[in-house]
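This report concerns a structure whose sequence and coordinates are shown below.

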Amino acid sequence: MLEIDVKKRLRDFDLEVRMTVKEGEILMLVGDNGCGKTSLLNLVAGLQNPEEGRIALDKRPLFDSGLKISVAPEERNIGYVFQSYALFPHMSVYDNVAFGLRTRGLSRKAVDARVMEHLKAAGLWDIRKARAVEVSGGQRQRVALARALIIEPEILLLDEPLSALDVRKQAAMRKELRERIHACHVPSIIVTHDLRDVASIGDRACLLERGRIALTGRADEVMSWGGCLLDRDVEPAGGPCGGSFI
Amino acid sequence: MASNQMDINRLSERGIAELVDRQQESIGILSRAREAALKAALALLLIIAITFIALPVVALLLRSPLDTTFRSLYDPIVMDALRLSLMTTTVTTVIVVFMGTPIAYVSARFRYFGKELADSLIDLPVIMPPAVAGIALLMAFGRMGVLGRHLDAFGVSIAFTTLAVIMAQVFVSSPFYIRQARTSFEDVDLAFENAARTLGASRVYTFFHVILPIAINGLISGAIMAFARSLGEFGATIMFAGNFQGRTQTMPLAIYTAMQGDLDVSICIAIILVAISFVIIVLVKILTRRVYKNAGN
């Protein structure tokens, strides 16, 4: 289980989040631009540090301000799919996916076997020699996901993984994404703007507003949040949105 | 009567339409003429600029026949200057790259106390007149200099040696590399670095396997510019290292010295420098085009 209880000063407000994500659960994080969603993912990944608080995975602290523990990002074993995918432009599709195994010092034979398995599973084997920046948007998304999954992460973080795809591809990818993430059986957090992503990929959803969790509920309740998201000011707490306001 | 009135109206409408057409046509002719005049003025300006730059280079080649140039190549002053220049500029470029790369990376990625001051000091030699750089180096490392006097006590003398040539070249050329390298590192998206870290790469592994390969074309381009600046260095070298054939007399210094005796030798060295400069420009153009392509991707 991933436990997050952090506080960090952002430019315009404080990010104060307390949440848990269970093993195998997909938590969808929704909210306006600049509300702190990506910052929260970066805190979990160790790319930024909170001012105070604690982040723990199965009781093992990744960050603890009290105990002065801060595990470096490279030692957290986290699969992170960035919004821009951040595929290394000078490497092929194969080398991008193999990167995380090479940093772990695996033998060439072991790297080859595992990369082949993942590339074939993602339907990327035929384009393995292409430079990562030369493939289509959908293929890039698959490469980024394969690169994050091949390291057998203990936590999965995905920052708007479908936003770079066109609408038709998004619909096709949602089911595949849910299946592949569920197969990992690790705590997963997905940041999205699209409530359709929440309903079809997630198990649970949180609405983040100016650094605080404003609403939480089951993912299948989220479509009823639509009005609330548009008209939060007039919606009474615990109203007919299906979720519970915090 | 009514039909007459209608005819008059029709005629006046046609007249107005023709008048508008003529007016628009004259406006069109005027704007076309203005555009043509502007293009002609720009073309003339370009021709003047190209002539101004190309004429001295062509004059060099015209003044010295090819056989005279080749004969002058074997003159000891040319051979010594060529050997010394290539040796010192190569050593300088290696030093600048090894010293400048970490400085440029730190400057691009980190904030620290006094960063603005450090960046300004690094850029200072670009705007500092070379003669000032030479005298400043002499005041620091010369026999009576701030540091030089202590080194002299141990029998180490820097001024007027080949080492002084290299130091003068490093001083004036390092900003050319560091500025270009800093820009290249800044252009590398931080997301690549973050992605590498989350995939288990240490900072050092990330630098050598992700950041450096992405920025490499910019770094090579910067190194070439530093090499070119070193090769053409004159003022700081003559002030700090002197002008001794085979020891501190680089090609620009040899041109200056030979001019007072044999102009053919002077022109021969100048032609060699023009040729090297041309190759450098072509290399930089190719590399910057490759950088642009990568950025476009």
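The model is predicted: local features need pLDDT of at least 70, side-chain atom pairs count only at pLDDT 80 or more, and totals for chains, interfaces and linings use all residues. Residues are numbered from 1 along each chain as its sequence is written, while chains are lettered from A and ligands numbered from 1 in the order in which they are written.

**Chain contact.** Chain A places 19 residues in contact with 17 residues of chain B, where contact requires C-beta atoms, placed from the backbone, within 7 Å. On the side of chain A that touches chain B, at least two residues each come from the two elements tabulated here; helices (H or I, at least four residues) and strands (E, at least two) are DSSP runs, numbered from the N terminus.

| Element of chain A | Residues |
|---|---|
| Strand 7 | 78-81 |
| Helix 2 | 93-102 |

By class, that side of chain A has 12 nonpolar, 4 polar and 3 charged residues. Ala, Val, Leu, Ile, Met, Phe, Trp, Tyr, Cys and Pro count as nonpolar, Asp, Glu, Lys and Arg as charged, and the others, Gly among them, as polar.

**Helix contact in chain B.** In helix 4 of chain B, B:Ile122, B:Asp123, B:Pro125 and B:Val126 meet B:Phe171, B:Val172, B:Pro175, B:Ile178 and B:Arg179 of helix 7 of chain B. The residues of this contact comprise 7 nonpolar, no polar and 2 charged.

**Domains of chain A.** Domain 1 (1-13 + 50-63) and domain 2 (87-165) are assigned in chain A, with bounds from an automatic or database domain assignment. Their C-alpha centres are 28 Å apart.

Key. Two residues are in contact if their C-beta atoms, placed from the backbone, lie within 7 Å.
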